[in-house]
Amino acid sequence: MSFQENLKKIIVKHQEISDKLAAGTSSDEFIKLSKEYSDLEPIVEKINLYQSALQELENLKEMVANEKNSELKAMAEEEALAIGNKVINLEKNVKLALLPIDEADKKNAIIEVRAGTGGEEAALFAAVLFNMYQRYAERKKWKFEILSISDTGIGGYKEATALISGSGVFSHLKFESGVHRVQRVPETESSGRIHTSAATVAVLPEAEEVDIHLEDKDIRIDTYRASGAGGQHVNTTDSAVRVTHIPTGTVVTQQDEKSQHKNKAKALKILRSRIYEVERQKKDLEMATTRKTQVGSGDRSERIRTYNFPQGRVSDHRINLTLYRIEEIVNEGDLDDVIDALRTNDEVEKLALQT
């Protein structure tokens, strides 16, 4: 089906739904049709604007072809050029509106940061990344709720997890999954030698029970006494929880809360989101077996970004983007330029598949 034929089909479907709603129907059917209508309405508006501009362009082209007066012809040519550029932009808007919607984009996100290669320096970098995302959330007016932190006792994080809540959180953060590398001189390095270390970031859409239902028979819950850095006991009750999803072997541990009930609830929230993300990526792969989008792969073993402190630069290797604003990005959470570029690149790649 051609692009124009697809647009006609959408307009016809929109009109058919409108006619059914006007004719009256059962309450259940009315709710279903109303949702379909509201989903199509903004797309149809974009199609109408595009087709109107397209018709205007055709009229101007015909005028240019038939006009004998050179002055009028020149004016028509100039106007046709302007309308032609408008048509290109409106067509792009329509194609973007027709792209498959990732339902997870609207969800909150669970972000997990883990120290990778590099020992204590990697743990310190993991803490820097975690704090960077917290500041980014603050800039976006999102809620940042720390779920768990395993610290090293000297400022580093072995791993840290947070729930970020707000409008379209996952759609902004989903491209952050992968290996983040840092190049800098550690404070403990007396010779001034640059060290390279890494941390892994995983961003999961927060899954509700309606998204992933965990059967009791598929879950094993173990409790144990929580302990802190160095092995000292945080409390004297078995409040720490280890939840295992037997079918997938996924394990989540939680011990930050003094309440076993709260630790269990947090562990189940993280577990549900991890399983949901695996299922989501599996469906994405089935829907686009011919396309391997590097930006959206979410491969945690893939090196996606380098933070070079001596040079003051941040480089995202997937889109060849380099910014010399490392202080603002890392210390202030000013990630908009990076994240907007990644989202735009993803849209461009998806649009390329439609042509």
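The model is a predicted one, and Thr244 sits in strand E7, which covers residues 240–245. Setting aside neighbours within four places in sequence, the contacts of Thr244 are Asp218, Ile219, Arg220, Thr250 and Val251.

The next topic is a helix pair. Two packed helices are described by the angle between their axes and the distance between the axes. For helix H1 (residues 3–23) and helix H2 (residues 27–66), the axes come within 8 Å and cross at roughly 135 degrees. H1 is therefore oblique to H2, since an angle has to be over 145 degrees to count as roughly antiparallel. The crossing of H1 past H2 is left-handed. In the contact of H1 with H2, the residues comprise 15 nonpolar, 6 polar and 4 charged.

Nonpolar side chains tend to be buried together in soluble globular proteins. Here the largest nonpolar core has 56 residues, and the members that touch the most others are Leu129, Leu173 and Tyr307. Helix H4 (residues 119–139) supplies the largest share of this core, with 9 residues. What does Leu129 touch, not counting residues up to four places away in sequence? The list is Val113, His180, Ala199, Val201 and Tyr307.

Another core, of 17 residues, lies apart from the largest one, and its members include Leu7, Ile43, Leu60 and Ile83.

Notes. Residues are numbered from 1 along each chain as its sequence is written. This is a predicted model: local features need pLDDT of at least 70, side-chain atom pairs count only at pLDDT 80 or more; totals for chains, interfaces and linings use all residues. Side-chain values use heavy atoms; hydrogens and water are left out. Axes are lines fitted to C-alpha atoms, for helices over the stretch in contact, and angles run from 0 to 180 degrees between N-to-C directions. Helices (H or I, at least four residues) and strands (E, at least two) are DSSP runs, numbered from the N terminus. Angles under 35 degrees count as roughly parallel, over 145 as roughly antiparallel, 65 to 115 as roughly perpendicular and the rest as oblique. A crossing is left-handed if the near helix is turned anticlockwise from the far one by less than a right angle, and right-handed if clockwise. Ala, Val, Leu, Ile, Met, Phe, Trp, Tyr, Cys and Pro count as nonpolar, Asp, Glu, Lys and Arg as charged, and the others, Gly among them, as polar. A nonpolar core is a set of buried Ala, Val, Leu, Ile, Met, Phe, Trp, Tyr and Cys residues joined through side-chain atoms within 4.5 Å. Buried means under 20% relative accessible area, exposed over 50%, partly exposed in between (1.4 Å probe, protein chains only). Contact means heavy atoms within 4.5 Å.
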